[in-house]
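Welcome! Here is a short tour of a few aromatic rings and charged side chains. Take a look at the structure before reading on.

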Amino acid sequence: MSPAELTPKNLRLFHEPPGTLRLTIGEERSYPGVKLFQAWPLSQPGRYLVLQDAKGEEIVMIDRLEDLPEESRPVAEEELRRRYLTATVEAVIQVRSEFGITYWRVLTDRGERDFVVQSLSESAIWLSDRHLLLIDVDGNRFEIPDRTALDTASQARLEAVL
């Protein structure tokens, strides 16, 4: 396949069968069971998207979500929402660190949650000076959009471990 065929305008994303992401490139190639990932940095959602085949091999990288054909964008957006489901932390109820492992109890927009972060240096990602993303040992994502907007006790607990 020539590089010209791998342009975003020639890509079509759809679900077939339902729940399974499929990619066709022009009229020549089709990939069942593809995966869509947000490449680094997470601070730029909708940028640097990677499509992989069922074996985990990269098919193509897309610079911007907007580069996809109009009918494929909602499909890509839904896939990204599902893959990067993120709970928003509203309060830090309890947090403690032992031997490099941090145990969290937080109140999120989805209710109270307990989770474990193995290495804060690798799993606490500052998206800005106030915006923090925590990724637990199971790959779940917990977002603090503005740490200064948390209540005073939550801010103190957060500062104690970071």
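Rings of Phe, Tyr and Trp (its six-membered ring) form a pair if their centres lie within 6.5 Å, and planes under 30 degrees apart count as stacked. With that in hand, we can turn to this model, which is a predicted one.

**Aromatic rings**

The structure holds two aromatic pairs. Here they are side by side:

| Pair | Distance between ring centres | Angle between planes |
|---|---|---|
| Tryptophan 104 and phenylalanine 115 | 5.7 Å | 5° |
| Phenylalanine 115 and phenylalanine 142 | 3.8 Å | 5° |

With planes at 5°, the rings of phenylalanine 115 and phenylalanine 142 are stacked. This pair links distant parts of the chain, as phenylalanine 115 is in strand S9 and phenylalanine 142 is in strand S12 (residues 141–144), 27 residues apart. Tryptophan 104 and phenylalanine 115 are stacked too. Tryptophan 104 lies in strand S8 (residues 101–108) and phenylalanine 115 in strand S9 (residues 111–117), so their pair ties together parts that are eleven residues apart in sequence.

Taken together, the ring pairs join Trp104, Phe115 and Phe142 into a cluster.

**Charges**

Arginine 12 places its charged end over the ring of phenylalanine 14, 4.2 Å from the ring's centre. The charged end of arginine 96 sits over the ring of tyrosine 103, 4.4 Å from its centre.

Aspartate 53 is found in the loop between strand S5 (47–52) and strand S6 (58–64). Aspartate 53 is buried yet has no salt bridge, and the nearest side chain of opposite charge, lysine 55, is 6.1 Å away. Leaving aside neighbours within four places in sequence, aspartate 53 is in contact with Tyr31, Gly33, Val34 and Ile59.

Notes. Residues are numbered from 1 along each chain as its sequence is written. This is a predicted model: local features need pLDDT of at least 70, side-chain atom pairs count only at pLDDT 80 or more; totals for chains, interfaces and linings use all residues. Side-chain values use heavy atoms; hydrogens and water are left out. Helices (H or I, at least four residues) and strands (E, at least two) are DSSP runs, numbered from the N terminus. Buried means under 20% relative accessible area, exposed over 50%, partly exposed in between (1.4 Å probe, protein chains only). Lys and Arg count as positive and Asp and Glu as negative; His and the chain ends are not counted. A salt bridge is a side-chain nitrogen of Lys or Arg within 4 Å of a carboxyl oxygen of Asp or Glu. Contact means heavy atoms within 4.5 Å. Rings of Phe, Tyr and Trp (its six-membered ring) pair if their centres lie within 6.5 Å; planes under 30 degrees apart count as stacked, over 60 as edge-to-face and the rest as tilted. A charge sits over a ring if NZ of Lys or CZ of Arg is within 6 Å of the ring centre and within 35 degrees of the ring normal.
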